[in-house]
Amino acid sequence: MNHQPFKDWLLSEEPLEAQQSQALQQHLRECADCRQVENAWADASALLRRTPYAAPAPGFTDRWQQRLAAQRVQAQRKQAWVAIAVTAGIAFVLIVLFGTHVLDLLASPASLLLAWIARLASLLSVYGILQEVFSVLGRVPPMVPAIALFFAVGFVCFLSVAWLATYRQLTTARRVV
Ligand SMILES: [Zn+2]
């Protein structure tokens, strides 16, 4: 005897069609094997239905919320450490790149001033060369008037000095801390 569709139908959670249900009932009357399966399954389902759901231990929600808060604090601390490490890395790179300049400034402001004047002079000479090139090309004075260039160079110098002053203040502040 072939029991297969009947055993499947017995264990199925899906409702059976009327025809299937009729066939199953008829088979159960004839087949002790499948009757046994039906009884065992009925017992098991009844047992499952009778067993109450396990309730959470008292204070579960409180403990869960506390743990969540602790994990958040830990994550924030980790982020803070990452930020500190990145800042320290950037500061280190800046010190390596500009540290010698700051030391120069502290050691002899006059020589740095001279260096800046030399830089300005070289810029002006580049400007003079450009002017010559333009005049050779037959153009009348270059688009940028000399006075504007002078102010631009002055502004760049001012920015450099401001940067150095800020940097020095930052380094001294770190030393105090
Ligand atoms: Zn059967």
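Helix 1 and helix 2 cross with left-handed geometry; left-handed here means that the near helix is turned anticlockwise from the far one by less than a right angle. Helices are DSSP runs of H or I of at least four residues, numbered from the N terminus. This is a predicted model, where local features need pLDDT of at least 70, side-chain atom pairs count only at pLDDT 80 or more, and totals for chains, interfaces and linings use all residues. Residues are numbered from 1 along each chain as its sequence is written, and side-chain values use heavy atoms, with hydrogens and water left out.

On the helix 1 side, the contact is made by F6, W9 and L10, and on the helix 2 side by Q20, A23, L24, H27 and L28, contact meaning heavy atoms within 4.5 Å.

Next, the other pair. The crossing of helix 2 and helix 3 is left-handed as well. Here H27, L28, R29 and E30 of helix 2 meet A32, C34, R35 and E38 of helix 3.

Now the metal. Which protein atoms are the donors of the zinc ion? They are H3 (ND1), H27 (NE2), C31 (SG) and C34 (SG), at 1.9 to 2.3 Å from the ion; donors are N, O and S atoms within 2.8 Å of the metal (3.2 Å for Na, K and Ca), and water is not among the atoms, so sites may look incomplete. Along the chain the donor spacing reads H-x23-H-x3-C-x2-C. The 4 donor atoms subtend angles of 97 to 123° around the zinc ion, so the arrangement is tetrahedral (for four donors, all angles between 85 and 135 degrees).

Technical notes
Helices (H or I, at least four residues) and strands (E, at least two) are DSSP runs, numbered from the N terminus. Four donors count as tetrahedral if all angles lie between 85 and 135 degrees; four count as square planar and six as octahedral if opposite donors are over 155 degrees apart and all others between 65 and 115; anything else is irregular.
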